[in-house]
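Subject: Structure handover

Hello,

Here is the structure for you to take over. Please open it first, then read my notes below.

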Amino acid sequence: MKILELIKKYVAHSRWKFCPPQKRDILIFDGIKNPFKEYVKKSNYNILYRRGEEINLFILLICILKFKITSKSYFEFFIKYANPKIILTAIDNLETFYTLYKVTKVPNLFIQNGVRSAWNDVFTDKKVFAKKNKKKFLVNHMLVFNKTVAKKYNFFITGKTYPIGSFNNNIIYLKKKIKKKKEVLFISTFKPHLIESKKKIFSKFSQKYFFSREGEAIVRLSNLCKKYNLKLNILGRNSGKNKIMEKQFFDMSCKVDYNFFTQEDFKINSYQIMEKYKYVITIDSTLAIENFAKKNRTGFFFNRPYKFPINTRRFGGLEKLSRKGPNWTTYNNNKEFDRVFKFLIKGSDKNWTKTFKNHNYKTLNYDGGNKTFLKIINKYI
């Protein structure tokens, strides 16, 4: 996008900075996702706002004077004046970031920000996911969920991969162990906005065809909670009007009294909320996979249509795990739901330890405190 188009698009709500960026050791590429603040001081990094939330007038004028009026030129001049020792981003599927090193010669690092699949993802974009791109794409340090994802990125990007698991999940929020409630927490994946924003993706699957499966899961789950006399809680993922819509959706599906809440209802984040419950279950939430990585009891009911590419969203889909295992299933029937749920609440600690050992590392590693990240950063600053 050209700079003038960018200005026109964001001028109404952008912040304007008039001084050049201060020279700091670290540059964070993107202003919305910044988990790095947990480890680096604010005084030691700049943020390059790539979505137009903040525009540096000094850098913009340089672009105009040099007749290089593109967002790419803006990024390059900003980086030049900020003079960082390393560039970080929490967005791993951003093609622009893959090309920065070739232009700036500044070492860079990305962290994987979500589960990857074959459904509208970076690994299915043929223009990006191509072996020939290794000549133009270079990311010095790629911190990813597991070895399968590492292999995928190594196919089209030059650089070193580190299977650390989820960076956000690796942040240690709790100073001490807390006693978990013997209740069920369902992690919602309800996304009402997808129907409008991604019509092409959903052309084969109507809203009823896709999201009715979430309702079906709740019907079965609420019946199982009633059978085993367990309280049901639902952690929603939306806010504002969408939060109200999500609550109404579950009200229509749930067969028992339940608690519905989202992160905005508390002063703690979703990871801390999740740690309060002994039994966590979902259809295909990344948050639940992160919970399993911490050796917490977690179950997966993937009852969505088992058709490619949707089926790659399920637990272990990209890693090609079998269609069912001790704590997961992709078969949409009561028998399978009962089996997974019973293992979730009745399975012995010995069998759960075995399950963690055999399957956990294949989907998500765990690097408590992000020691690998800190080791890399300390080499530069």
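Let us start with Asp30. Asp30 sits in the loop between β2 and β3. Keep in mind that this is a predicted model. The phi of Asp30 is near 125 degrees, a positive value in a residue other than glycine. Most residues other than glycine have a negative phi, and most peptide bonds are trans. Asp30 is also buried, because its relative accessible area is 0%, and the cut-off for buried is under 20%.

What does the side chain of Asp30 meet? It forms a salt bridge with Arg50, at 2.9 Å from N to O. Asp30 lies in the loop between β2 (26-29) and β3, and Arg50 in the loop between β3 and β4, so the pair ties together parts that are 20 residues apart in sequence. Arg50 is partly exposed, because its relative accessibility is 23%.

- Asn120 belongs to the loop between β6 and β7.
- Phe308 and Pro309 are joined by a cis peptide bond, with omega at about 5 degrees. Look for Pro309 in the loop between β13 and β14.

Now the salt bridges in general. Side chains of opposite charge can pair when their charged atoms come close. How many salt bridges does a search of the whole structure find? The count is 16. The Asp30 and Arg50 pair is one of the salt bridges. Here are others.

Asp92 pairs with Arg116, and their closest N and O atoms are 2.8 Å apart. Asp92 is in the loop between β5 (86-89) and α4 (95-98), while Arg116 is in the loop between β6 (108-111) and β7 (138-144), so this pair ties together parts 24 residues apart in sequence. Asp92 has 0% relative accessibility, so it counts as buried. Arg116 is buried too, with a relative accessible area of 6%.

Arg313 pairs with Asp284, with the closest N and O atoms 3.1 Å apart. This pair links distant parts of the chain. Arg313 is in the loop between β13 and β14, and Asp284 is in the loop between β12 (277-282) and α12 (286-293), 29 residues apart. Both Arg313 and Asp284 are buried. Is Glu319 buried or exposed? Glu319 is buried, yet it has no salt bridge. The nearest side chain of opposite charge belongs to Arg314, 7.3 Å away. A salt bridge needs the nitrogen and the carboxyl oxygen within 4 Å. Leaving aside neighbours within four places in sequence, Glu319 is in contact with Asn146, Thr148, Lys362 and Thr363.

Rolling a probe the size of a water molecule over the atoms shows where empty space is left. A search of the whole structure finds 4 cavities of 30 Å³ or more. The largest cavity holds about 90 Å³ of space. It is lined by 15 residues, and the closest to its centre are Val115, Arg116, Ile289, Glu319 and Thr363. By class, this lining divides into 6 nonpolar, 6 polar and 3 charged residues. Two of those names came up above: Arg116 in its salt bridge with Asp92, and Glu319 with no salt bridge.

Of its 17 lining residues, Lys17, Arg24, Asn46, Ile47 and Glu54 are the closest to the centre. Which elements give two or more residues to this lining? They are β3 (45-48), β4 (54-56) and α3 (71-82). The largest share, 4 residues, comes from β3. The lining of this pocket has 10 nonpolar, 3 polar and 4 charged residues.

Where to look when you open the model:

- Phe308 and Pro309, for the cis peptide bond.
- Glu319, for a buried charge with no salt bridge.

Best wishes

Notes. Residues are numbered from 1 along each chain as its sequence is written. This is a predicted model: local features need pLDDT of at least 70, side-chain atom pairs count only at pLDDT 80 or more; totals for chains, interfaces and linings use all residues. Side-chain values use heavy atoms; hydrogens and water are left out. Buried means under 20% relative accessible area, exposed over 50%, partly exposed in between (1.4 Å probe, protein chains only). Lys and Arg count as positive and Asp and Glu as negative; His and the chain ends are not counted. Contact means heavy atoms within 4.5 Å. On a 1 Å grid over the protein atoms alone, a cavity is a set of points where a 1.4 Å probe fits but cannot get out, and a pocket is an open set with protein on both sides within 12 Å along at least five of seven lines; lining residues have an atom within 4 Å of a point. Ala, Val, Leu, Ile, Met, Phe, Trp, Tyr, Cys and Pro count as nonpolar, Asp, Glu, Lys and Arg as charged, and the others, Gly among them, as polar. Grid points are joined across faces, edges and corners, and a volume is the space filled by probe spheres set on the points.
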